[in-house]
Amino acid sequence: MFYQQNYERSKVWKLSMRMLERVYRQTRLFPPEDKSVMGTTLRKAAATISSSIAEATQTPDPKGAKGCYRAAFKALRDLDTHLVLCKRLHLIRPWEQRSMRKRYRLIDRLLQEEIQPDIAEDDEVILAEAA
């Protein structure tokens, strides 16, 4: 389930890369005083999503892959939190935030689909050990 020869074929990775590109374009428009901190924070979170997904798809060990997917989830939450802050600070327009959050929700759903079957298998093992 987890291991793929080419992560660039992964739908969730492709979407995360589009999100990363969008974040880079948006942060270029930030005022200089916000580019260095907020821009860097957004870019790092978006890049971590893509790189964690790539690492997960290249990891033959399911536990290692799950850890990578969890890192992607965490970075996705960080990105969303900072997007909310950017909207509140008027660094991005509300419609831009809504558009990015739609992509965020899709990436979130696809990540959950990647990891859910294996979580269910782990639950079955735990239940079998408890019996």
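Glu96 is buried, with a relative accessible area of 5%, where buried means under 20% relative accessible area, exposed means over 50%, and partly exposed lies in between, as found with a 1.4 Å probe and protein chains only. This is a predicted model, in which local features need pLDDT of at least 70 and side-chain atom pairs count only at pLDDT 80 or more, while totals for chains, interfaces and linings use all residues. Residues are numbered from 1 along each chain as its sequence is written, and side-chain values use heavy atoms, with hydrogens and water left out.

**Overall build**

- The chain holds 4 helices and 0 strands, where helices (H or I, at least four residues) and strands (E, at least two) are DSSP runs numbered from the N terminus.
- Read from the N terminus, the order of the elements is α-α-α-α, and of the 131 residues in the chain, 39% are buried.

**The nonpolar core**

- The largest nonpolar core has 33 residues, and those with the most contacts inside it are Leu42, Leu79, Ile107 and Leu111; such a core is a set of buried Ala, Val, Leu, Ile, Met, Phe, Trp, Tyr and Cys residues joined through side-chain atoms within 4.5 Å.
- Helix 1 (11–28), helix 2 (32–58), helix 3 and helix 4 each supply at least two residues of this core, and helix 3 gives the most, with 10 residues.

**Salt bridges**

- Side chains of opposite charge can pair when their charged atoms come close.
- A salt bridge is a side-chain nitrogen of Lys or Arg within 4 Å of a carboxyl oxygen of Asp or Glu, and by this rule the count comes to 5 salt bridges.
- In one of them, the side chains of Arg77 and Asp108 meet at 2.9 Å, N to O; because Arg77 lies in helix 3 and Asp108 in helix 4, this pair ties together parts that are 31 residues apart in sequence.
- Arg77 is partly exposed at 35% relative accessibility, whereas Asp108 is buried at 13%.
- Another salt bridge joins Asp80 and Arg101 at 2.7 Å, N to O; here too the partners lie in helix 3 and helix 4 respectively, so the pair ties together parts that are 21 residues apart in sequence.
- Asp80 counts as buried at 10% relative accessibility, while Arg101 counts as partly exposed at 27%.
- The buried Glu96 forms a salt bridge with Arg93, the closest N and O atoms being 3.7 Å apart.

**The positive patch**

- Lys87, Arg88, Arg98, Lys102 and Arg105 gather in a patch of positive charge on the surface; patches are made of residues with over 30% relative accessible area and no salt bridge, with like charges joined within 9 Å and nonpolar side chains (Val, Leu, Ile, Met, Phe, Trp, Tyr) within 5 Å.
- Helix 3 (62–88) and helix 4 (94–130) each supply at least two residues of this patch, and helix 4 gives the most, with 3 residues.
- Arg88 is found in helix 3 and is exposed, with a relative accessible area of 65%.

**Two further residues**

- His90 lies in the loop between helix 3 and helix 4, is exposed at a relative accessible area of 69%, and has a phi near 65°, a positive value in a residue other than glycine.
- Tyr24, in helix 1, is partly exposed with a relative accessible area of 34%, and its C-alpha atom is separated by 9.3 Å from that of Thr40, 16 residues apart along the chain.

Notes. Areas by Shrake-Rupley, 256 points an atom, 1.4 Å probe, with all protein chains shown as cover. Lys, Arg positive; Asp, Glu negative; His and termini not counted. Charge placed at Lys NZ, Arg CZ, Asp CG, Glu CD.
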